[in-house]
There are 2 protein chains.
Amino acid sequence: MKVVKFGGSSVADANQLKKVTEIIKSDAERKVIVVSAPGKRHSKDSKTTDLLIALGESIQVNVQNQVIYDQVINRFASIIKELELDEVILDQIQKRIDDSCQLIKTDIDRGMDAIKSCGEDGTALILSALLQSKELESSYVNPKEAGIFVSDQPGGALVLDESFDHLYELRKRDGVLVIPGFFGFTLEGDLVTFSRGGSDITGSIVAAGMKVDLYENFTDVDSVFCVNPMIVDNPKELKTLTYREMRELSYAGFSVFHDEALIPAFKERIPVCIKNTNNPSGDGTMIVADLPEREGLVAGIASDSGFLNLYVSKYLMNREIGFGRKLLQILEEEGISFEHAPSGIDDMSVIVRDHHLPPEKEEVVIERITKELDVDTISIERDMAMIMLVGEGMNEAIGVANKATTAFRDANVNIDMINQGSSEVSMMFGIKSSQLKKAVQSLYHEFF
Amino acid sequence: MKVVKFGGSSVADANQLKKVTEIIKSDAERKVIVVSAPGKRHSKDSKTTDLLIALGESIQVNVQNQVIYDQVINRFASIIKELELDEVILDQIQKRIDDSCQLIKTDIDRGMDAIKSCGEDGTALILSALLQSKELESSYVNPKEAGIFVSDQPGGALVLDESFDHLYELRKRDGVLVIPGFFGFTLEGDLVTFSRGGSDITGSIVAAGMKVDLYENFTDVDSVFCVNPMIVDNPKELKTLTYREMRELSYAGFSVFHDEALIPAFKERIPVCIKNTNNPSGDGTMIVADLPEREGLVAGIASDSGFLNLYVSKYLMNREIGFGRKLLQILEEEGISFEHAPSGIDDMSVIVRDHHLPPEKEEVVIERITKELDVDTISIERDMAMIMLVGEGMNEAIGVANKATTAFRDANVNIDMINQGSSEVSMMFGIKSSQLKKAVQSLYHEFF
């Protein structure tokens, strides 16, 4: 039994929905379908969810934007017409949108969550009807009926443990079940959405609750690449990677899969397969708990810029119990989350994402650290980039660090920071942002 | 003007004291002499300070050890006799020892500090008389008279800021001044000693207070080696290194110079020269603030075993503000000081010296971390060794990391941890203790 999630580009228009229908029909194991809202049909198009949010915001300031309203309705209308489905579906969708617009006027949070969810909900209604028209037994299942219970945090709901037992009951139902992604209900029955991109989360929750054999995630790429294709032309595809590898890769620039979405699948050890709706016969990329054999030790190279290094030094720092803790506490009190904090003997670096420590906050942080910790020197260096080599077993193998540093040397790039050993599956390098491209290219050629 | 400190082996017997006299006479800049207590004359000999401590401990249990008492007195007596000095000096020394023995009976802390200081004090009295007998104007200066004021922490005094102005006044005095090392006086006039090896501290304090041009530290080695000579045969000698380099080297196995002792000299930027009493014409090793040119980038390779790695992992750790700080706080509350704490995305390692986290404390630490931080996995791996490559400017140069990792690969040694970038002058590698020797040898051959 499989849970299959289709992303925004996979349900962007009637043609894409026909492909989705074929994919579902081709495998009887595809029991539960989770759908996103219609995404972009071309690069200048708007996502339905963005339109719905803009519509909601116009109502908040008491001037409902009729142009946007018509765009949304027309979008669903044209899909329904092209697929030759009953127009009663459009009425249902329109009624939900109208009700949400009314709700915004009395309760902004609830109303906005309601209107944001209309894209996924409409897609699920349409797809379910389409499958029936193709003589496949199918039903639309609302998240409330499915039992997706969430915390009452508008726009950032977290799943409640109660959900999983309810979801297991879905196994007993006949036919294909189509569930809209992105939202759930509080125990009191109010609709609340997950964070943006949350259809991945719905799919993962349903897969975990139903304890299925596979969670398929259809998107618009054939597979996960081992390096950013904007930096390296035609990079190698990744056939299999582990949850941990996916997580480390997505940290630094890999945005294939919603970070938080992996958790439910990870906890139940349900494999995840990333596939392409436009090329469903391709192998895709499998994300699993334990890695089967792999050629080479490095799975992928992730990279991201926009980091800064807060550096402090103090003579005899390492004799001072609590120094590191106090430094981190000052950052915590100032609301600054940090990424890494490698420390030497009399020195400590704290790597922070640029936007977590904006220039206007620099002064107070420097002043507090200087005063409260009596440091000898303190400096902040921006424009840092991080490169992560990721691969299970990599750090137990002799020579990986040497191959990596050879690549940096060959590219004539100085390494400002190396952090190896804290993670079992990755090795991290800090360099100047301006040298990121040539460093990644050199690493790719060294390892692949 | 120079402050010159002679260590225990340099004043171990009459013959050594004659060498010391020649060294002082050969350079009119050698204004202030700081001396240790007589050290070992051969490998099976006892240090005077160890004898004095044993004597004091016997009095604490009310059975004064007359054999030890006689050993100490005879040691000074034979030096005085061989140098043909006035026997009244021996009476002075014996009176101080007797007074200290009496004091122990009423005040153990004060008495023990007093008896421990008798070795340095006796040496200073003898050397001063010896210089006079060689027609050099000289006087014994007691630390109280010199103005070495310290905190009231028996056996672990810290210098008070008041001292430095007083010490500057010594510049006005005529002749060579001989000061016993290792102790100072509280503002109330009580004698208190520094931590063991504290004559280095006295020398550094006096050098800083008097703002001299050089602090010479005479010991029994020609210079600092760039690597442990127990691991590599006939290693290269270090001509010059910076305070920061010395500090990082002494962290992991280099024990030439008392850690804490560098601070006063460092603050006043007074260069320190390590020289050999038995080969005073040698260049020795200079420790300076700013490095002149040097061949090669790496100054030295330090190494030490006896570390452990406390590893924790938790899915989505890096989303949890305060995780790192909380982990360090638990260790702090349990009285465990840590060395480094490199962190990954979902993982964090804390490197601790073995003896700071004894096996009997493991259980409570693991339980607290597991419970309070809800981690996914936690483990403690002992038998780790650390290797530090140290050199100013090293981390701005391309290719150093590559040369280092080449050495590890060639020695077939897996690197468990790399920490580069937190310190500007060092790069740190964690490996298994059993592989330490071959790794260091390989690094030496790669860099020297």
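1. Helices here are DSSP runs of H or I with at least four residues, numbered from the N terminus, and their axes are lines fitted to C-alpha atoms over the stretch in contact, with angles running from 0 to 180 degrees between N-to-C directions. This is a predicted model, in which local features need pLDDT of at least 70 and side-chain atom pairs count only at pLDDT 80 or more, while totals for chains, interfaces and linings use all residues. Residues are numbered from 1 along each chain as its sequence is written, chains are lettered from A and ligands numbered from 1 in the order in which they are written, and side-chain values use heavy atoms, with hydrogens and water left out.

2. In chain B, helix 3 (residues 66–82) packs against helix 4 (residues 88–106) at an angle of about 160 degrees, and the axes are 10 Å apart. Helix 3 of chain B is therefore roughly antiparallel to helix 4 of chain B, a term for angles over 145 degrees, whereas those under 35 count as roughly parallel, 65 to 115 as roughly perpendicular and the rest as oblique. Helix 3 of chain B passes helix 4 of chain B in a right-handed crossing, which is the word used when the near helix is turned clockwise from the far one by less than a right angle, anticlockwise being left-handed.

3. The contact (heavy atoms within 4.5 Å) between these two helices joins B:Tyr69, B:Val72, B:Ile73, B:Phe76, B:Ala77 and B:Ile80 of helix 3 of chain B to residues of helix 4 of chain B including B:Ile89, B:Leu90 and B:Ile93. By class, this contact of helix 3 with helix 4 of chain B has ten nonpolar, one polar and one charged residues, where Ala, Val, Leu, Ile, Met, Phe, Trp, Tyr, Cys and Pro count as nonpolar, Asp, Glu, Lys and Arg as charged, and the others, Gly among them, as polar.

4. In chain A, helix 4 (residues 88–106) and helix 6 (residues 118–133) pack at about 165 degrees with their axes 10 Å apart, and these two helices of chain A are therefore roughly antiparallel to each other. Their crossing is right-handed. Among the residues that make the contact are A:Ile89, A:Ile93 and A:Arg96 of helix 4 of chain A and A:Cys118, A:Asp121 and A:Leu125 of helix 6 of chain A, and the residues of this contact divide into seven nonpolar, three polar and two charged.

5. Another pair in chain B is helix 14 (residues 400–410) and helix 15 (residues 436–447), whose axes come within 8 Å and cross at roughly 135 degrees. That angle makes helix 14 of chain B oblique to helix 15 of chain B, and the crossing is right-handed.

6. A:Glu248 lies in helix 10 (residues 243–251) of chain A and counts as buried because its relative accessibility is 2%; buried means under 20% relative accessible area, exposed over 50% and partly exposed in between, with a 1.4 Å probe and protein chains only. Leaving aside neighbours within four places in sequence, A:Glu248 is in contact with residues including A:Met388, A:Val390, B:Ile345 and B:Asp347.

7. B:Glu57, found in helix 2 (residues 48–60) of chain B, is partly exposed, with a relative accessible area of 44%. The C-alpha atoms of B:Glu57 and B:Ser138 are 35 Å apart in space, and the two residues are 81 residues apart in sequence.
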